[in-house]
Amino acid sequence: MLVIRDHLRSQRILVELSVMAFTALFVLRNLMESQASQATLVLYSFLMALYTTSVLADSNEQPAAMQRILAMPSREPLLWAIVGSALVITVTSYLLLAIIGTVVNPLAMPTITTTLFALPSVI
């Protein structure tokens with residue numbers, strides 16, 4: 001939870017929200033098939049997972065986080081926290097983008113069951 005809070009404080013999540021808004025308004029709005037919409041959702045989630053993981057790992061290598069890292073007997077809990085936080089942020093953004101896409105272009109969005117069944121592959 002500490003990693004997510006630090007990520008929100010750094011306001012780097014605004015980059016992810018900006019890309020989400022761009023994807024919803026300029027990409028999902030213009031698609032005609034549900035397969036293309038689902039592929040866009042999965043590709044967005046994959047790329048955002050890569051970005052989020054790199055940002056979270058980078059923010060924990062800053063001098064302000066060094067005291068917290070040095071106080072730990074091992075870095076393993078920190079790595080698990082980074083991976084877990086990236087997973088939570090990615091799944092949340094995937095579902096949020098699916099909801100926004102359904103509002104923007106309901107006819108081209110996949111069904112809810114397809115979206116939920118694709119969630120394990122995104123994870």
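In which helix do F22 and F26 lie, and how many residues apart are they?

Reply: Both F22 and F26 lie in helix 2. They are four residues apart, about one turn of the helix. Helices here are DSSP runs of H or I with at least four residues, strands are E runs of at least two, and both are numbered from the N terminus.

First, the ground rules. This is a predicted model, in which local features need pLDDT of at least 70 and side-chain atom pairs count only at pLDDT 80 or more, while totals for chains, interfaces and linings use all residues. Residues are numbered from 1 along each chain as its sequence is written, and side-chain values use heavy atoms, with hydrogens and water left out.

Now the rings. A search of the whole structure finds one aromatic pair. The ring centres of F22 and F26 are 5.1 Å apart and the planes meet at 40°, so the pair is tilted. The rule: rings of Phe, Tyr and Trp (its six-membered ring) pair if their centres lie within 6.5 Å; planes under 30 degrees apart are stacked, over 60 edge-to-face, the rest tilted.

Helix 5 supplies the largest share, four residues. A nonpolar core is a set of buried Ala, Val, Leu, Ile, Met, Phe, Trp, Tyr and Cys residues joined through side-chain atoms within 4.5 Å. Buried means under 20% relative accessible area, exposed over 50%, partly exposed in between (1.4 Å probe, protein chains only). This core has 15 residues, and L28, L41, Y44, Y94 and L97 touch the most other members. In soluble globular proteins, nonpolar side chains tend to be buried together.

Take Y44. Beyond its neighbours within four places in sequence, Y44 is in contact (heavy atoms within 4.5 Å) with E16, V19, M20, T23, S93 and L97.

Another core lies apart from that one; it has six residues, including V3, L78, A86 and I89. V3 sits in helix 1 (residues 2-9). V3 is buried, at a relative accessible area of 7%. Past its neighbours within four places, V3 is in contact with L56, N60, A81 and S85.

Back to helix 5, where T90 is found. T90 counts as buried at 5% relative accessibility. Leaving aside neighbours within four places, the contacts of T90 are S45, A49 and V122.

Now the surface. L14, L17, L96 and I100 make a nonpolar patch of about 310 Å². Helix 2 and helix 5 each give two or more residues to the patch. L96, in helix 5, is partly exposed, with a relative accessible area of 37%.

Last, the whole chain. It has six helices and zero strands. Buried residues make up 35% of its 123 residues. Of the contacts with a separation of 6 or more, 77% join residues 24 or more positions apart. The C-alpha atoms fill a box of roughly 50 × 25 × 15 Å along the principal axes. V3 and I112, 109 residues apart along the chain, have C-alpha atoms separated by 30 Å.

Notes: Patch = residues over 30% accessible without salt bridge, like charges linked within 9 Å, V, L, I, M, F, W, Y side chains within 5 Å. Areas by Shrake-Rupley, 256 points an atom, 1.4 Å probe, with all protein chains shown as cover. Salt bridge = Lys/Arg side-chain N within 4 Å of Asp/Glu carboxyl O.
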